[in-house]
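Colleague: I am new to this one. Could you walk me through it, feature by feature?

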Amino acid sequence: MSSSIVVAGVEARDVVTPRSVEELADTARELLGARRPFAFVGGGTQIELGNPPKALDTIVRTVALDRVIDYVPEDQTITVEAGISFAELDRVLAQYGQMFPLDVVDRNRATIGGVIATNAYGRRRQRYGTAKDLILGVEIVRPDGVRAHGGGKVVKNVAGFDLPKLMVGSLGTLGAIASATFRVYPLPAATRSAALKFDRADDVSVAARAVVERRLEPESIALYNHDTLVVTFAGTVAGVDAQMKTLLEIAFATQAEIRELSTLEHESYEQRERAVRRDGAWRFRIIAPPAVRVATLGSYVAGSPLAVPVAYPQLGVALHSYAEDAIPYDSRGRSGAAQFEELRSYVGSQTGGHGRLVIDAMPAWARGKIDSWGSPPPSFSLMRTMKASFDPHGLCNAGRFVGGL
């Protein structure tokens with residue numbers, strides 16, 4: 001037992017930390033037998049995400065499950081327990097010139113299991129996708145303590161029910177991730193970045209489209225503060241050099257001021273991105289079709305941002321962060337919660353109903369006054385059936401996910 005933990009505004013009475021998958025399964029069985037509501041937590045970097053759990057007695061932390069189970073560098077696959085940190089995974093892979101290309105806000109704290117459960121990603125989704133694109137196999141502990149496996153240890157695996165992808169983004173509502181197998185990638189021989197500064201918003205969109213039309217393959221494209229597009233290429237020296245030359249032509253055609261970034265300057269932009277994903281009592285994402293100028297939709301909220309807003313324009317994702325008192329009431333007397341509800345409607349109206357707002361964090365006083373997720377998706381009936389199948393007693397992180405799952 002240890003000091004308590006707060007999950008989406010609800011404080012747990014107890015915290016337990018199993019030291020093996022067997023202990024994890026035993027713990028789940030005991031909690032089920034006692035009908036004690038529980039939740040699984042890794043490093044806690046996404047612990048504010050979601051609605052308040054309906055009830056929470058015990059936190060089961062998975063950070064002690066941190067072994068490398070199997071690593072075959074020549075196959076570019078690795079199997080690890082869910083509690084291993086990204087920093088440790090980086091250390092293991094770097095010895096063989098490889099990497100795991102998911103971006104997290106804190107590689108020392110974030111765990112593999114937590115990132116699978118929350119489907120966290122950053123700017124490099126542009127090139128490598130999300131956990132759904134990288135995961136090959138998974139072992140879980142169901143809410144009743146039964147261990148189950150899905151997928152395998154090879155890149156091409158099409159047999160059976162796709163349990164690995166089901167667990168990605170499930171927010172711990174279907175069970176605990178015990179271990180996972182991923183594909184990994186070689187460390188690039190070269191990486192170069194450039195910042196393109198624009199005077200007009202229209203030119204940002206033109207430049208982003210030109211990157212696609214010229215068939216460039218950037219590792220990432222991120223838009224900072226609506227006017228600065230940072231494009232990063234990674235790969236062979238010759239390939240990166242050629243793409244940078246084409247990017248220079250795009251900048252000239254769109255009248256952008258362009259300059260190549262030093263390693264320190266590139267890291268400074270990455271720190272800004274981590275800040276908007278990590279800091280601020282109010283943090284939210286707007287997700288829309290890539291054709292939508294998603295970066296400007298968040299300006300509907302009154303108040304000054306705590307961190308520079310960041311968008312991934314070719315992915316249709318924008319990230320925003322505000323201090324708790326930055327949006328108390330606006331000139332029309334709307335509270336922060338009311339503004340977010342109106343922003344959700346505004347996003348829907350501007351995207352033909354295809355955009356959505358996800359609130360990643362909110363002040364304690366706003367919990368229960370505004371839904372983190374908004375209206376459930378069309379597939380919600382299937383999600384509800386799946387939840388009932390995995391957790392018929394509704395004890396596992398119940399209420400935190402979409403639609404109160």
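Modeller: Start with contact, which means heavy atoms within 4.5 Å. Among contacts in the protein chain with a separation of 6 or more, 70% join residues 24 or more positions apart.

Colleague: What kind of model is this?

Modeller: This is a predicted model, where local features need pLDDT of at least 70, side-chain atom pairs count only at pLDDT 80 or more, and totals for chains, interfaces and linings use all residues. Residues are numbered from 1 along each chain as its sequence is written, and side-chain values use heavy atoms, leaving out hydrogens and water.

Colleague: How many helices and strands are there in the protein chain?

Modeller: Helices (H or I, at least four residues) and strands (E, at least two) are DSSP runs, numbered from the N terminus. The protein chain has eleven helices and 20 strands. Its radius of gyration is 22 Å, close to the 22 Å from the globule rule for 405 residues, so the chain is as compact as a globular protein of that length. That radius is taken over C-alpha atoms, and the rule is 2.2 Å times the number of residues to the power 0.38. Along the principal axes, the C-alpha trace spans about 65 × 60 × 35 Å.

Colleague: What share of the residues is buried?

Modeller: Buried means under 20% relative accessible area, exposed means over 50%, and partly exposed lies in between (1.4 Å probe, protein chains only). Here 54% of the 405 residues are buried.

Colleague: Which residues have the most contacts inside the largest nonpolar core?

Modeller: A nonpolar core is a set of buried Ala, Val, Leu, Ile, Met, Phe, Trp, Tyr and Cys residues joined through side-chain atoms within 4.5 Å. The largest one has 40 residues. Those with the most contacts inside it are L196, L229, L247, F284, I286, F340 and L343. Helix 8 (residues 237-253) gives the most to this core, with five residues. Another core lies apart from it, with 33 residues, including F86 and V168.

Colleague: What does L229 touch?

Modeller: Leave out residues up to four places away in sequence. L229 then touches A194, A195, L196, F198, V204, A207, I221, A222, L223 and P313.

Colleague: Is T246 buried or exposed?

Modeller: T246 has 15% relative accessibility, so it counts as buried. This residue is in helix 8. Leaving aside neighbours within four places in sequence, T246 is in contact with R214 and L216.

Colleague: Now a loop residue. Where does T62 lie?

Modeller: T62 is in the loop between strand 5 (58-61) and strand 6 (68-72). T62 counts as buried because its relative accessibility is 6%. Beyond neighbours within four places in sequence, T62 is in contact with V41, G42 and G83.

Colleague: And where is R200?

Modeller: R200 lies in the loop between strand 13 (190-197) and helix 7 (201-213). Its relative accessible area is 49%, so R200 is partly exposed. R200 and H226 are 26 residues apart along the chain, and their C-alpha atoms are separated by 9.4 Å.

Colleague: Which residue other than glycine has a positive phi near 50 degrees?

Modeller: A8 does. A8 sits in the loop between strand 1 (6-7) and strand 2 (10-11). At 1% relative accessibility, A8 counts as buried. N119, also not a glycine, has a positive phi of about 55 degrees. N119 is in the loop between helix 3 (112-118) and helix 4 (125-128).
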